[in-house]
There are 4 protein chains.
Amino acid sequence: MIERDDIDVIDIVTPNHTHAEIAIAAAEAGKHIISEKPLALTVEEAEQMYEAVKKHKVKHMICHNYRYVPAVQYIKKLIDDGRLGRIYHFRANYLQDWIMDPNFPLVWRLKKEVSGSGALGDIGAHSIDLARFLIGEFKELVGTTETFIKERPIGEMSGGLKAQSGGNEVGEVTVDDAVAFIARFENGTLGTFEASRFAGGNRNKNKFEINGEKGSVRWDMENMNNLEVFFQDDEPGLQGFRLINCTEEHHPYVGAYWPAGHIIGYEHTFIHLIHEFMKGIVEDYQPTPNFEDGVKNQKVLEAIDQSSETKQWVKL
Amino acid sequence: MIERDDIDVIDIVTPNHTHAEIAIAAAEAGKHIISEKPLALTVEEAEQMYEAVKKHKVKHMICHNYRYVPAVQYIKKLIDDGRLGRIYHFRANYLQDWIMDPNFPLVWRLKKEVSGSGALGDIGAHSIDLARFLIGEFKELVGTTETFIKERPIGEMSGGLKAQSGGNEVGEVTVDDAVAFIARFENGTLGTFEASRFAGGNRNKNKFEINGEKGSVRWDMENMNNLEVFFQDDEPGLQGFRLINCTEEHHPYVGAYWPAGHIIGYEHTFIHLIHEFMKGIVEDYQPTPNFEDGVKNQKVLEAIDQSSETKQWVKL
Amino acid sequence: MIERDDIDVIDIVTPNHTHAEIAIAAAEAGKHIISEKPLALTVEEAEQMYEAVKKHKVKHMICHNYRYVPAVQYIKKLIDDGRLGRIYHFRANYLQDWIMDPNFPLVWRLKKEVSGSGALGDIGAHSIDLARFLIGEFKELVGTTETFIKERPIGEMSGGLKAQSGGNEVGEVTVDDAVAFIARFENGTLGTFEASRFAGGNRNKNKFEINGEKGSVRWDMENMNNLEVFFQDDEPGLQGFRLINCTEEHHPYVGAYWPAGHIIGYEHTFIHLIHEFMKGIVEDYQPTPNFEDGVKNQKVLEAIDQSSETKQWVKL
Amino acid sequence: MIERDDIDVIDIVTPNHTHAEIAIAAAEAGKHIISEKPLALTVEEAEQMYEAVKKHKVKHMICHNYRYVPAVQYIKKLIDDGRLGRIYHFRANYLQDWIMDPNFPLVWRLKKEVSGSGALGDIGAHSIDLARFLIGEFKELVGTTETFIKERPIGEMSGGLKAQSGGNEVGEVTVDDAVAFIARFENGTLGTFEASRFAGGNRNKNKFEINGEKGSVRWDMENMNNLEVFFQDDEPGLQGFRLINCTEEHHPYVGAYWPAGHIIGYEHTFIHLIHEFMKGIVEDYQPTPNFEDGVKNQKVLEAIDQSSETKQWVKL
């Protein structure tokens with residue numbers, strides 16, 4: 001691909017230990033590059049990659065996609081505009097539960113030599129990137145990692161976060177199941193972080209809260225379109241976290257989407273409906289809701305109109 | 001379009017008073033048809049459309065897209081499987097607030113001759129369709145409509161739910177701003193419905209609750225991926241509405257999407273990131289997060305590893 | 001009691017059909033009166049009671065206690081101060097589920113001759129009173145009642161909302177299980193109401209939402225101390241319902257309670273602790289948490305202090 | 001008091017540095033003792049107090065009242081019954097915001113010599129006690145404290161969490177504004193803790209989450225009566241945190257309170273109403289709601305009955 005002239009961009013989505021080689025080759029070939037995170041297995045590798053893209057003057061990005069949630073972009077703007085004032089606290093949790101079963105197999109994500117780390121690099125890395133995006137650079141930290149289940153049956157990922165076990169053989173888990181750390185940022189913010197794959201009931205609980213001198217914000221990926229904001233100078237008695245549905249023209253990116261309150265993802269309801277329609281055509285059955293439903297719905301609508309005018313109950 | 005052989009499907013998205021003519025012509029030409037809702041302005045028109053699609057044996061659907069929210073499909077399955085038992089209550093609200101400003105202009109949606117009705121046909125119709133999908137057919141009803149702001153400046157829709165006023169001239173609002181009705185269903189369920197465009201703070205609050213003999217469910221479009229379910233036979237002391245993130249392989253359609261907890265719409269965070277990347281290439285600037293961030297994030301990751309091993313604070 | 005000079009106040013908590021006789025006798029004896037709601041079984045009875053207290057110039061109240069929730073009093077103030085502007089909608093639900101079991105016996109509350117009505121008078125009456133308190137007088141209404149379970153085993157209330165069945169004999173339920181109605185108020189507000197004892201999972205869901213020209217409020221008894229408020233003139237992009245914990249000096253009554261955020265009921269945590277202490281003294285065992293816990297907690301506190309100073313992990 | 005025969009119990013609510021002397025004297029006098037937390041300023045003092053109560057065989061408790069929230073007692077029971085299995089995570093935040101204003105004065109709670117510590121001992125101590133109650137003993141920890149505002153005007157507490165400033169003079173804050181620490185428990189649980197008085201919008205956010213092998217729980221003092229519980233063995237597709245209103249006979253202590261859903265604190269709505277009644281008698285005015293409201297409410301109730309029977313709108 002690197003040799004082809006009609007390819008301008010390389011998007012690296014291969015396992016973590018292959019990123020460096022690909023990225024450096026792509027940079028040398030003058031390709032712009034997007035890389036999945038983590039960028040590399042070590043700082044040294046990452047620095048080599050960074051040197052390569054700088055030297056060859058290609059554009060480069062890393063897929064920390066959570067920066068690009070409209071609510072998160074809006075928080076960034078609030079902070080940059082000074083709406084939260086001096087920041088005191090950044091408090092992040094990234095909690096999942098997909099490997100809690102001790103029989104979940106020893107997939108590549110649980111081997112240090114392939115994935116670099118466990119919850120730390122896979123999900124904790126997102127919290128770290130969000131912290132750097134919103135708060136600034138880290139100054140110092142202390143933390144600890146934990147591996148709750150130390151041996152697992154050998155097996156493979158089969159798609160998504162699902163996996164298949166391969167039998168009775170077991171192997172050692174060489175990455176962390178969970179990590180917790182405390183940090184201070186250059187600007188004096190106190191940060192607390194926790195990432196875990198052993199937090200039952202938390203499917204993808206990527207959330208944070210920021211407390212500043214003038215205001216606070218809360219965000220949670222499981223309700224991605226929502227944002228909670230508190231302002232210290234709201235009228236006494238009427239102070240409280242505002243639950244904002246970040247789906248308005250005032251919010252980054254979503255002006256290009258749907259009317260307010262029709263959250264991102266609304267479009268997929270139509271896609272599912274069209275899927276059903278296409279299936280109906282291909283498999284020759286009549287899907288619903290259809291024109292018969294249209295007639296019946298219309299009868300209800302007219303009955304309401306009639307009831308409103310006559311002030312009577314109307315039978316259907 | 002009707003004369004073209006390479007077009008198999010007609011999707012009707014024109015104003016409501018044009019649906020019937022287009023649909024009948026399309027049916028006569030043997031095209032499969034999807035129509036925006038409401039199907040027509042009157043029951044009579046709707047019936048003619050239904051006759052046409054039946055006569056010409058084309059597939060037909062109406063865009064009541066909310067039926068195709070994964071959580072709603074899952075509720076349908078729970079009801080069909082008897083998990084809620086006999087249904088006692090269906091309680092629906094569809095609340096918006098986009099025309100509360102008395103200076104919002106008299107757009108086509110506020111004129112009866114073009115749109116047929118106001119909140120009733122625009123949003124109440126969705127609640128009616130959801131009720132028919134989940135509960136069954138209506139038996140009788142009583143209701144009332146209300147127009148809170150009776151005159152508005154003349155003006156036009158300019159996209160989405162936004163509009164532009166045209167000056168000082170005013171005209172009469174001929175549709176309802178809100179509607180409330182009570183219904184009984186064929187199966188004995190008691191239904192209560194309210195639709196309004198005057199419910200401040202409710203951008204698109206399309207929600208319902210169903211109470212049955214064995215369980216209850218709650219759903220709300222503003223948090224589309226969530227579903228609340230209560231079961232009467234849960235252990236005493238541990239009974240409560242379960243907040244389910246309908247993003248698992250067990251839920252309709254979403255098995256084709258992301259890992260659990262990564263809600264529908266998650267993909268757009270990548271789209272926004274790519275948009276930024278493309279903009280960076282076109283306008284020749286270096287977007288973030290990029291490889292420099294990758295290096296800095298990696299340094300934090302390594303510091304945590306080091307702190308975990310040495311049990312010491314680590315400076316960055 | 002009426003003849004005693006040292007009794008100034010009569011508090012009527014007997015079954016509904018006895019209120020009138022007691023109240024009239026108490027008024028004639030010059031006693032101030034508080035009555036449980038509903039005041040009487042019929043308007044005629046209620047009017048006689050009202051005439052009696054007016055004639056004898058005694059103070060009188062009816063126990064619509066929900067008016068006296070701090071959050072509700074605060075809503076009243078917001079409305080009176082014009083903070084919500086013209087009111088468009090009042091939307092109330094009072095939902096319970098304590099008689100859903102068909103074997104729940106035919107207690108006095110389910111007999112019309114004793115209780116007057118079912119969900120309507122027992123819980124719907126609270127919504128009606130809240131509506132009159134917050135919105136004003138009713139102008140007209142239409143509604144319907146429903147009895148889902150029409151026969152039940154004979155039995156009695158045994159305390160709270162619990163009951164005991166008496167055997168195989170069954171009797172007819174003569175009150176409503178649920179009621180729904182739509183109303184217009186004198187001031188033009190559109191009201192929707194629903195009260196039910198068949199709404200599974202809703203133990204005591206007494207809630208309402210008010211939508212006005214300038215703002216909206218939401219309240220729910222199950223989280224009594226909370227209040228949600230939305231203002232139309234909040235800054236665009238930052239509009240959302242504020243979740244207010246009504247426990248501050250700014251909120252009615254609670255200035256006399258605890259520091260903000262320590263909700264009403266906080267005091268009972270101490271009462272439970274004291275209960276345990278007294279039990280320990282009486283039954284001669286040593287309850288927890290005790291001074292041993294104080295020592296152990298103190299060791300943790302000192303370890304944190306030490307860790308903070310030395311920047312080291314500390315063992316306990 | 002110590003010399004009086006008719007006093008059996010001493011309840012110590014004086015400033016923290018006086019606890020030891022009082023407790024030891026009380027123990028020597030054979031009095032049972034309840035002490036406010038923290039027990040003492042140092043472990044040494046605390047141990048002397050503990051020795052004294054053991055030697056004199058008096059009962060002793062420390063006011064960690066949050067153990068006695070019904071929901072917390074119920075969590076303890078779930079853990080003891082093995083319902084959560086092996087515990088992986090304990091995650092506690094105790095967040096307040098009452099001293100964020102830099103002009104809030106240097107009250108005794110901000111002086112180390114009187115109060116021992118700041119957020120750590122005042123509120124972090126509650127999280128520590130809850131952790132020991134629910135999880136077990138601490139094994140090791142690492143943490144850090146922070147004082148964001150280092151100087152404040154001299155002043156005094158004037159009640160509750162309010163205070164009055166005394167002028168222009170300033171003094172040094174000698175306690176922590178915030179503390180964060182990570183801990184391991186004897187049983188292998190990983191604990192994360194944060195306590196702060198600088199978390200804007202969090203009036204009294206005392207909350208924790210526990211993740212175990214078989215289930216998870218969440219609790220938050222601001223909605224004290226609620227409890228969230230997740231079970232790993234709930235049916236796939238129907239797994240989610242259950243929102244339980246801990247107000248049922250199945251939950252500790254609350255069987256002695258109100259019907260389910262009438263949360264602790266419900267009784268105060270009656271107290272406020274009675275307060276209004278008494279004020280009406282004393283100040284000679286007629287409070288509301290009163291018998292006139294009873295009549296008007298009854299008219300609405302009868303109108304609904306009539307509407308339900310006649311299937312007509314009814315005017316009032």
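Two strands count as paired if DSSP finds at least two bridges between them. This rule is applied below to a predicted model.

E8(A) covers residues 178-185, and eight of its eight residues are buried. A:Ala178, A:Ala180, A:Ile182 and A:Arg184 point one way, and every one of them is buried. A:Val179, A:Phe181, A:Ala183 and A:Phe185 point the other way, and they are buried too.

E8(A) has paired strands to consider. Strand E5 of chain A (residues 138-146) runs antiparallel to E8(A), and eight bridges link the two. Within this pairing, A:Gly143 has A:Phe181 as its bridge partner. Strand E9 of chain A (residues 190-196) also pairs with E8(A) in the antiparallel sense, over seven bridges. Here A:Ile182 stands opposite A:Thr192. E8(A) and E9(A) form a hairpin, with four residues between the strands. In the turn, A:Gly188 has a positive phi of about 95°.

The domains of chain A come next. The chain is divided into domain 1 (9-63), domain 2 (66-256) and domain 3 (266-310). The centres of domain 2 and domain 3 of chain A, taken over C-alpha atoms, lie 41 Å apart.

One residue of chain A, A:His19, was examined in detail. A:His19 is found in helix H1 of chain A, residues 19-28. Is A:His19 buried or exposed? A residue counts as buried when 20 or more other C-beta atoms lie within 10 Å of its own. A:His19 has 26 other C-beta atoms within 10 Å, so A:His19 is buried. Neighbours within four places in sequence are left aside in the contacts that follow. A:His19 then touches A:Ile12, A:Thr14, A:Ser35, A:Leu39 and A:Ala40. A:Leu41 is 22 residues from A:His19 in sequence, yet the two C-alpha atoms are 8.6 Å apart in space.

Helix H6 of chain A spans residues 266-283. Its 18 residues should span 26 Å at 1.5 Å a residue, and its end C-alpha atoms are 26 Å apart, which agrees. The buried residues of H6(A) are A:Tyr266, A:His268, A:Thr269, A:His272, A:Leu273 and A:Phe277. An α-helix has 3.6 residues a turn, so residues three or four places apart point the same way. The cover over the buried residues of H6(A) includes strand E2 (32-35) and strand E3 (60-62) of chain B. Just after H6(A), A:Asp284 takes a positive phi of about 55°.

Helix H6 of chain C (residues 266-283) was treated likewise. H6(C) has 18 residues and reaches 26 Å from first C-alpha to last, close to the 26 Å expected. C:Tyr266, C:His268, C:Thr269, C:His272, C:Leu273 and C:Phe277 are buried in H6(C). Strand E2 (32-35) and strand E3 (60-62) of chain D are included in what covers them. C:Asp284 follows H6(C), and its phi is positive, near 55°.

The contact takes 91 residues from chain A and 90 residues from chain B. Which element gives the largest share of the side of chain B that touches chain A? Helix H7 of chain B (residues 291-310) does, with 17 residues. By class, this side of chain B has 45 nonpolar, 29 polar and 16 charged residues. Strands also cross between the two chains. Strand E14 of chain A (residues 314-315) runs antiparallel to strand E5 of chain B (residues 138-146), and two bridges join them. A:Lys315 has B:Glu140 in E5(B) as its bridge partner.

Chains A and C also touch. The contact takes 14 residues from each of chain A and chain C. On the side of chain A, strand E13 (residues 241-245) gives the most, with five residues. By class, that side has six nonpolar, six polar and two charged residues. E13(A) pairs with strand E13 of chain C (residues 241-245) in the antiparallel sense, over three bridges. A:Phe241 stands opposite C:Leu243 in E13(C).

How are the two chains related? A rotation of 180°, with 0.0 Å of shift along its axis, superposes chain A on chain C with an RMSD of 0.0 Å. That is the relation of a two-fold axis. Among the residues of chain A, A:Arg242 comes closest to the rotation axis, with its C-alpha at 2.0 Å. The same surface serves both copies, as 100% of the contact residues of chain A recur in chain C.

Conventions. Residues are numbered from 1 along each chain as its sequence is written. Chains are lettered from A and ligands numbered from 1 in the order in which they are written. This is a predicted model: local features need pLDDT of at least 70, side-chain atom pairs count only at pLDDT 80 or more; totals for chains, interfaces and linings use all residues. The expected span of a helix is 1.5 Å times one less than its number of residues. A residue is buried if 20 or more other C-beta atoms lie within 10 Å of its own, exposed if 12 or fewer, and partly exposed in between; C-beta atoms are placed from the backbone. Two residues are in contact if their C-beta atoms, placed from the backbone, lie within 7 Å. Copies are superposed by least squares on the C-alpha atoms of residues with pLDDT of at least 70 in both. Domain bounds come from an automatic or database domain assignment. Ala, Val, Leu, Ile, Met, Phe, Trp, Tyr, Cys and Pro count as nonpolar, Asp, Glu, Lys and Arg as charged, and the others, Gly among them, as polar.
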